[in-house]
Amino acid sequence: MVGELALFFALFNNIAIFIALISLYSYLYNLSSPLNGIIRQFLTGLCFGLFAVGCMYAKIQVFEGVIVDQRNAIIVLSGAFGGPLAGFISAVLAGFYRAHLGGSGVLAGVFGVILAASAGTLLYFWKDSFSSITKAAFRSFISVIIILPGFLLVGDLQTGWNLMIDMSLPFGTAIFTGIFLGGLLLKREEARVQVEKSLAVSEEKYHVLFESLPLGIIITDKKGHVMQTNALAADLPAIDPYSRETIDSGIRIVNSEREVILPSEYPEVLALNENRKISNQEMGIVYPDGKESWYNVTVAPIPLKDYGIGIGYNDITEPKITCR
C-alpha cells in the first residue's frame, strides 16, 4: 500500500492533466453561444470523460485491486460546469474504463464515479459554487464527503470502512485540491471568455458609432499625432497645428471674429497642453482666393494610456455664410 504522503503527491501530480483540460474547456465555453445546450453538455461530458480516463493510466494502487486517481475530481467538475448530462457522460466513460481495468475494486470504482457525477450535479444547481474562494472550498469539501463512501464497496463492509478512513486524508485532500483549484481556474476561464466577448461587442459598438456619427472624428496620441480618423474626417480638410503650410500658402486660420489664430491657440493644442475640454469653438479657413470654410470644433482629452485627445468637428460653412 502506498504511504499517505507519497499517495497525496502522486495524486497531486495527476492534477497536471487539468492544465490541458482547462484550455480545452475554455475553447468549448467560447463556442457555447452558437451551440445548443444539449450539444454543449454532450461535448463537455465527452471531453471531461476522456481526461478522466487519462487519469487512470497512472494506476496508483492503494489496496489489492483498488486504484485511485483524479478521475472523480474531473467528473465533479464536468457536472458542475457542464451540467447533469455532462456529468453522466463523463461518469459512463470513466466507469466503463475502470471496469475494463478489472480488479476487486471495480464495483467501488464505478460507484465512486457515480457519486462524483452526483456531486457535480449538486454543484451545478448550487449556483455560483466557485464564485469565491470560500464557496469553492466549502463545496469542494462537500464533494469529497459525497465521494469517499465509494470505498465502502471494497470487500466486506469493515474492510471498506477501514480503507475509507485510511484514504480520507491523502485521497480526500488530493481530490479536494483538484476540485477546488480546477473549479476556480475553470470559473476564471469563463470570466475571461465573457470579458473578451463583452470587449468584442463594445468594440463593434464603438466602430459603428465612430463611423456613423455626422462628425469628423480624429484620435491623436499624447504628442498630437493622428492615430485614427473616421471616414467623414477623411473628407474634411485637416488642420495641422504643427505645420507652417497654412501660413506659407497664404491660408489663414481664424476664429469666429475672423481674427487669425496662432498654432499655439488651436483648440487641439490647448486641450493637449492644458488637459481640458474645449467645446463648440468655431474655426474658419480663409483661402487666398477669398473662399472660406467654417467648422465647429470640440476637443477633449482621452484618459487612456498612450492616447492624447479626441477631436470632433462638423462643417458649418453654409449656415455661417448665410447668416453673415
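V286 stands opposite E292, a residue of strand 7. Strands here are DSSP runs of E with at least two residues, helices are runs of H or I with at least four, and both are numbered from the N terminus. This is a predicted model, in which local features need pLDDT of at least 70, side-chain atom pairs count only at pLDDT 80 or more, and totals for chains, interfaces and linings use all residues. Residues are numbered from 1 along each chain as its sequence is written, and side-chain values use heavy atoms, with hydrogens and water left out.

Start with the strand that holds V286. Strand 6 covers residues 278-286. Its pairing with strand 7 is antiparallel and runs over seven bridges. Two strands pair if DSSP finds at least two bridges between them. The two strands form a hairpin, with five residues between them. Look there for G290, which takes a positive phi near 95°.

Now follow strand 7, residues 292-301. Y295 stands opposite D315 of strand 8. V299 has I311 in strand 8 as its bridge partner.

How many of the 10 residues of strand 7 are buried? Seven are, so strand 7 is mostly covered. Buried means under 20% relative accessible area, exposed means over 50%, and partly exposed lies in between (1.4 Å probe, protein chains only).

Next, go to the loop between strand 5 and helix 12 (267-274). Y266 sits in this loop. Is Y266 buried or exposed? Y266 counts as buried, because its relative accessibility is 1%. Compare its position with I253. In sequence, Y266 and I253 are 13 residues apart. In space, their C-alpha atoms are 9.1 Å apart.

R258 leads us to the charged pairs. The structure holds six salt bridges. A salt bridge is a side-chain nitrogen of Lys or Arg within 4 Å of a carboxyl oxygen of Asp or Glu. R258 forms one with E292, and their closest N and O atoms are 2.7 Å apart. E292 lies in strand 7 and R258 in the loop between strand 5 and helix 12, so the pair ties together parts that are 34 residues apart in sequence. E292 counts as buried, at 12% relative accessibility. R258 is partly exposed, with a relative accessible area of 37%.

Another pair is E274 and R276. Their closest N and O atoms are 2.3 Å apart in a salt bridge. E274 is partly exposed at 42%, and R276 is partly exposed at 38%.

Move to helix 9, which runs over residues 170-212. E196 and R192 both lie in this helix, four residues apart, or about one turn. Their side chains meet in a salt bridge of 2.6 Å, N to O. E196 has a relative accessible area of 41%, so E196 is partly exposed. R192 is partly exposed too, at 34%. E189 joins the picture here: E189, R192 and E196 are linked in a network of salt bridges.

Finish with two stops earlier in the chain. D69 is in the loop between strand 2 (66-68) and helix 4 (71-82). At 1% relative accessibility, D69 counts as buried. A polar contact of 2.8 Å joins its side chain to that of R71. A polar contact is a pair of N or O atoms within 3.5 Å; within protein, one must be able to donate a hydrogen and the other to accept it, and residues adjacent in sequence count only if both atoms are side-chain atoms.

The last stop is L46, in helix 3 (residues 37-55). L46 is partly exposed, with a relative accessible area of 31%. Together with F42 and L50, L46 forms a nonpolar patch on the surface. The three have about 260 Å² of accessible area together, by the Shrake-Rupley method with a 1.4 Å probe, where for residues only the protein chains shown count as cover. Patches are made of residues with over 30% relative accessible area and no salt bridge: like charges are joined within 9 Å, nonpolar side chains (Val, Leu, Ile, Met, Phe, Trp, Tyr) within 5 Å.
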